[in-house]
Amino acid sequence: MPSTPPELPEHTGGPTPPGPQTRPPPGNPPPHHSARDLVVGIGARPGVRTREVLALIDHGLRALGVSPASVRALATVDVRAREPGLRGAAAHHGWPLIAHPAALLATVDVLHPSAAAAAALGTPSVAEAACQLALPTTSTRADTVPPSPGRLILRKQTSPRATLAIARHPSTGCA
């Protein structure tokens, strides 16, 4: 497993409390940054409510000092994409909801694999893996360079029924 990048806040098993450990890492854009280059990854238990997902998203974005306008999409595992709580959170912000197959998520090396996710879904990560996967391109040209995967900037944060992670993606070639 790779070493933990120093700019990521520590995972505590719950949302990171406000304070110095939740400040954006050096080199991150200031809070007024508005490039749509972030992807929010969400893992969830069945029946998660929209308000819980929205609270977790709000907490994560505040920890980074960015607004919802910086987010390009919400990503999750395909079997959870029909959950009303996830669909409601994506719709609330006007973000597309990207659903990845568990087998694809399982190919992403993550900092905090989960035995529970592996047993329930067949992938050791949903939130961290989903936010890092390369986004689909809008181009149909065969010579287009494949998009790069995102770089994890906020590792796994949890609430009782959901998990969140956020990655920054290159701003070219992605939907």
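Aspartate 58 and arginine 62 are joined by a salt bridge, with N and O 3.0 Å apart. A salt bridge here is a side-chain nitrogen of Lys or Arg within 4 Å of a carboxyl oxygen of Asp or Glu. The two residues lie four apart in helix α1, so about one helical turn separates them. Aspartate 58 is partly exposed, at 39% relative accessible area. Arginine 62 is exposed, at 53%. Buried means under 20% relative accessible area, exposed over 50%, and partly exposed in between (1.4 Å probe, protein chains only).

The structure is a predicted model, in which local features need pLDDT of at least 70, side-chain atom pairs count only at pLDDT 80 or more, and totals for chains, interfaces and linings use all residues. Residues are numbered from 1 along each chain as its sequence is written, and side-chain values use heavy atoms, with hydrogens and water left out. Mean pLDDT (the predictor's confidence in each residue, from 0 to 100) is 80 for the protein chain. Of its residues, 70% reach 70 or more. Residues 1-33 fall below 50, yet this stretch has 57 contacts beyond near neighbours in sequence. Residues 139-145 also have pLDDT below 50, with one such contact. Contact means heavy atoms within 4.5 Å.

The salt-bridge count comes to two. The other pair is arginine 168 with aspartate 37, whose closest N and O atoms are 3.1 Å apart. This pair links distant parts of the chain. Helices (H or I, at least four residues) and strands (E, at least two) are DSSP runs, numbered from the N terminus. Both partners are buried: arginine 168 at 15% relative accessibility, aspartate 37 at 8%.

Glutamate 52, in helix α1 (residues 50-64), is buried but has no salt bridge. The nearest side chain of opposite charge is arginine 161, 5.2 Å away. For charge, Lys and Arg count as positive and Asp and Glu as negative; His and the chain ends are not counted. Beyond residues up to four places away in sequence, glutamate 52 touches Ser159, Pro160, Arg161 and Ala162.

The largest nonpolar core has 24 residues. Such a core is a set of buried Ala, Val, Leu, Ile, Met, Phe, Trp, Tyr and Cys residues joined through side-chain atoms within 4.5 Å. Val40, Ile42, Ile57, Leu164 and Ile166 touch the most other members. Two or more residues come from each of β1 (38-44), α1, β2 (71-77), α2 (84-93), β4 (151-158) and β5 (162-168). Helix α1 gives the largest share, seven residues. A second, separate core of 21 residues includes Ala75, Ala127, Ala129 and Leu135. Contacts of isoleucine 42 outside four places in sequence include Val53, Ile57, Leu74 and Leu164.

Gly85, Leu86, Ala89 and Ala90 are buried. These residues lie on the same side of α2, because they cover an arc of only 130° around the axis. The arc is taken from the directions from the helix axis to the C-beta atoms. On the other side, Pro84, Ala91 and His92 are exposed. The buried residues pack against β1, α1, β2 and β3 (97-100). Glycine 94 follows α2 and has a positive phi, near 75°.

Alanine 106 occupies the loop between α3 (102-105) and α4 (115-121). Its relative accessible area is 35%, so alanine 106 is partly exposed. Outside four places in sequence, alanine 106 touches Gly122, Thr123 and Pro124.
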